[in-house]
Amino acid sequence: MTDIAEIFTSPSIPHSSPEYATNSNSASMGKEDFLTLLVAQLQNQDPMDPEDASEFTSQLTEFSSLEQLENLNASMDKLAVTQSQSDKFATMGLLGKDVTYTDGNFTFEGDPVSIGYHVDGQAASLTLSIQNESGQTVSILNPADLKEGNHFLEWNGLDNEGNTLAEGKYSIVLEATAAGEDATVAVSPLVRSQVTGVDFGNETGDATIYTYAGAEINSNAILSIYDPKQPANYNRDEKSLDSNLKEAVISSVTGTSPETTEKSAPMDKEQIEQDRLLQFLAG
């Protein structure tokens with residue numbers, strides 16, 4: 001008697017077997033086809049040699065496993081659709097926000113452009129050149145911040161002579177030397193700009209994000225997101241950080257702020273002088 005498993009592994013169904021409708025869009029049989037074949041096998045079994053109960057149970061187990069796998073696939077498809085919709089809503093939330101991303105190209109439209117650079121170590125010197133579409137250097141900047149990290153500055157569209165350049169596309173070229181002998185340092189250009197549009201028509205399904213600086217990027221290229229109404233504090237002074245840390249420690253120990261402590265010191269001295277005067281008058 002032919003086993004149901006042999007039917008699935010057989011390259012073709014014998015001509016003596018009934019013909020059943022299959023899904024032309026799928027190369028594999030589904031659970032409905034499996035159940036149809038199982039019923040057909042039971043209906044056409046040899047009465048003198050009926051189907052073994054253990055084999056029948058095994059085939060039912062295979063059918064149950066197949067059904068669970070199909071249900072799991074359907075659930076995963078629904079989850080993927082839900083996740084895709086969630087990602088779209090999250091990307092739409094970038095509209096109007098400032099984002100930073102790695103890019104050496106930007107568009108100047110008359111307003112100052114926030115451009116920058118990333119340094120992966122301590123640099124001894126760094127030159128930021130701005131070139132026009134023809135590859136000509138129109139402005140050279142020498143940033144003072146050479147420590148590791150992301151650094152930004154605003155370029156107001158002026159060349160080296162102080163003349164306002166024409167609107168158009170420009171690029172950033174960086175040159176840096178490392179601090180210390182036998183040391184190396186790598187730098188990469190950065191741009192900060194406002195998100196002006198999001199397009200979901202990409203064939204890959206990824207959203208294309210448009211910025212005011214003329215970039216077309218995806219969400220994976222974004223390094224950070226900022227509220228355009230708040231100034232970005234890219235590089236805080238280490239001294240101010242140390243000062244803030246000390247103030248926080250004083251507040252946690254004494255329960256008062258440093259300003260309160262400083263103000264209370266003169267008051268204590270005045271109180272001591274008043275007490276001494278009262279003692280002197282009392283004789």
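What share of the 283 residues of the protein chain counts as buried? The answer is 25%, where buried means under 20% relative accessible area, exposed means over 50%, and partly exposed is what falls in between (1.4 Å probe, protein chains only).

Before we look around, a word on how to read the values. This is a predicted model, in which local features need pLDDT of at least 70, side-chain atom pairs count only at pLDDT 80 or more, and totals for chains, interfaces and linings use all residues. Residues are numbered from 1 along each chain as its sequence is written, and side-chain values use heavy atoms, with hydrogens and water left out.

## The chain as a whole

The protein chain holds five helices and eleven strands. Both are DSSP runs numbered from the N terminus: helices are H or I with at least four residues, and strands are E with at least two. The accessible surface of the chain comes to about 19300 Å², and 51% of this surface belongs to carbon and sulfur atoms. Such areas come from the Shrake-Rupley method with a 1.4 Å probe; for residues, only the protein chains shown count as cover.

Among contacts between residues at least 6 apart in sequence, 66% join residues at least 24 apart.

## Rings that meet

A search of the whole structure finds five aromatic pairs. Rings of Phe, Tyr and Trp (its six-membered ring) pair if their centres lie within 6.5 Å; planes under 30 degrees apart count as stacked, over 60 as edge-to-face and the rest as tilted. Two of the pairs share Y170, and here they are side by side.

| Pair | Centre to centre | Angle between planes | Type |
|---|---|---|---|
| F108 and Y170 | 6.4 Å | 75° | edge-to-face |
| W155 and Y170 | 5.5 Å | 65° | edge-to-face |

F108 lies in strand β2 (residues 105–108) and Y170 in strand β7 (residues 168–178), so their pair ties together parts that are 62 residues apart in sequence. W155 lies in strand β6 (residues 149–155), so its pair with Y170 ties together parts that are 15 residues apart. F108 is buried, with a relative accessible area of 1%, and Y170 is buried at 7%. W155 is buried too. Ring pairs link F106, F108, W155 and Y170 into a cluster.

## The nonpolar core

Some of these names return in the largest nonpolar core, which has 29 residues. A nonpolar core is a set of buried Ala, Val, Leu, Ile, Met, Phe, Trp, Tyr and Cys residues joined through side-chain atoms within 4.5 Å. F106, I115, I130, W155 and Y170 touch the most other members. The elements that give two or more residues to this core are β1, β2, β3 (113–119), β4 (123–131), β7 and β8. In soluble globular proteins, nonpolar side chains tend to be buried together.

N105 lies in strand β2 and is partly exposed, with a relative accessible area of 48%.

## Charged partners

Which residue forms a salt bridge with D98? The partner is R192, and the closest N and O atoms are 2.9 Å apart. A salt bridge is a side-chain nitrogen of Lys or Arg within 4 Å of a carboxyl oxygen of Asp or Glu, and by this rule the count comes to two. The pair links distant parts of the chain, with R192 in strand β8 (residues 187–199) and D98 in strand β1 (residues 98–102), 94 residues apart. R192 is buried at 10% relative accessible area, and D98 is buried at 12%.

D145 forms a salt bridge with K147, where the closest N and O atoms are 3.0 Å apart. K147 counts as partly exposed, at 31% relative accessibility.

## On the surface

L69, L72 and M76 form a nonpolar patch on the surface, with about 300 Å² of accessible area together. Patches are made of residues with over 30% relative accessible area and no salt bridge; like charges are joined within 9 Å, and nonpolar side chains (Val, Leu, Ile, Met, Phe, Trp, Tyr) within 5 Å. M76 lies in helix α3 (residues 53–92) and is partly exposed, at 46%.

Finally, visit D182 in the loop between β7 and β8. Most residues other than glycine have a negative phi. D182 has a positive phi of about 60° although it is not a glycine, and D182 is exposed, with a relative accessible area of 83%.

Terms used. Contact = heavy atoms within 4.5 Å.
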